Amino acid sequence: MTQKLRWGIIGCAQIATGSVMPAIQESETGIIAAVASRGLEKSSAVAAEFGIGKAYGSYEELLADEEIDAVYIPLPNHLHRQWVIRAAEAGKHVLCEKPIALNSTEAAEMVEACRKAGVHLAEAYMYRHHPRIAELREIISRGDIGELRSIRGTFTYNDAGDPSNIRFKSAWGGGSLYDVGCYPLSAARLLFGAEPEAGKNCCGTRRNSTTAATKIARVSRITVLRRRTQKVTTRRTRW
């Protein structure tokens, strides 16, 4: 490869600074050319930490940079549609954090904008690119474990100490299914190679003797996806 892909980072979220940016810097195919935040002070600090040559105090400035080939968008969920479309219109390839959109209408608009602009759009489900997933799909396709009839997945965490976390803000696309329940659902769709035909989402609260924050933070996600021939798909979120 004669030239590495030049990345611009739109937003200084922890997932960017703690995971994606270090990975890009270790990559043989990409470099981080610029980082942007809503204020120059924060983006400059991140740029200094990672040795990045350019820092911008707005997302618009980064998108106007002709030396950026692709952008990574780790913004809150409700901002994904707006900035994916604007990045596409600026001619940038896009890697967007999951969930890519708040609903299928938004997702379709984003896909169409990128198709029209001739740029790639990818949703940041890193597990799909892990070698073990490729091996798992081969095992299933060979029938080594028999016919795949159902998948159950659970993804939990406890963030009781931070009740103001954006992951709990429903207006911003927060909530258990959007945040981590999307992982087992995505995996089920990938392994079945089919879309759910019906869905059910159940949730409830658990009485807790400590704090309301703990009740909010202790979440469990269970996803069950059955084959199309069974005509039943269940998604359950248990608090």
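Predicted model: local features only at pLDDT ≥ 70, side-chain atom pairs only at ≥ 80, totals over all residues.
Helix α1 covers residues 14-26. At 1.5 Å a residue, its 13 residues should span 18 Å, and the end C-alpha atoms are 18 Å apart, so expectation and model agree. The helix carries a kink of about 35° at Val 20. An α-helix has 3.6 residues a turn, so residues three or four places apart point the same way.

Ser 37 sits in the loop that joins β2 to α2. Its relative accessible area is 8%, which means that Ser 37 is buried, the limit being under 20%. Beyond its neighbours within four places in sequence, Ser 37 is in contact with Cys 12, Lys 42, Ser 43, Tyr 56, Gly 57, Ser 58 and Tyr 59.

Two packed helices are described by the angle between their axes and the distance between the axes. For α4 (residues 80-89) and α5 (residues 104-117), the axes come within 8 Å and cross at roughly 10°. Helix α4 is therefore roughly parallel to α5. From α4, the contact draws on His 80, Arg 81, Val 84, Ile 85 and Ala 88. These meet Glu 106, Glu 109, Met 110, Ala 113, Cys 114 and Ala 117 of α5. By type, the residues of this contact divide into 7 nonpolar, 1 polar and 3 charged.

Methods:
Residues numbered from 1 in each chain as written. Heavy atoms only, no water. Axes fitted to C-alpha atoms, helices over the stretch in contact; angles between N-to-C directions. Helix = DSSP H or I, 4+ residues; strand = E, 2+ residues; numbered from the N terminus. Parallel < 35°, antiparallel > 145°, perpendicular 65-115°, else oblique. Contact = heavy atoms within 4.5 Å. Nonpolar A, V, L, I, M, F, W, Y, C, P; charged D, E, K, R; others polar. Expected span 1.5 Å × (residues − 1). Bend = angle between axes of the 7 residues up to and from the residue. Buried < 20%, exposed > 50% of the residue type's maximum accessible area, 1.4 Å probe, protein only.
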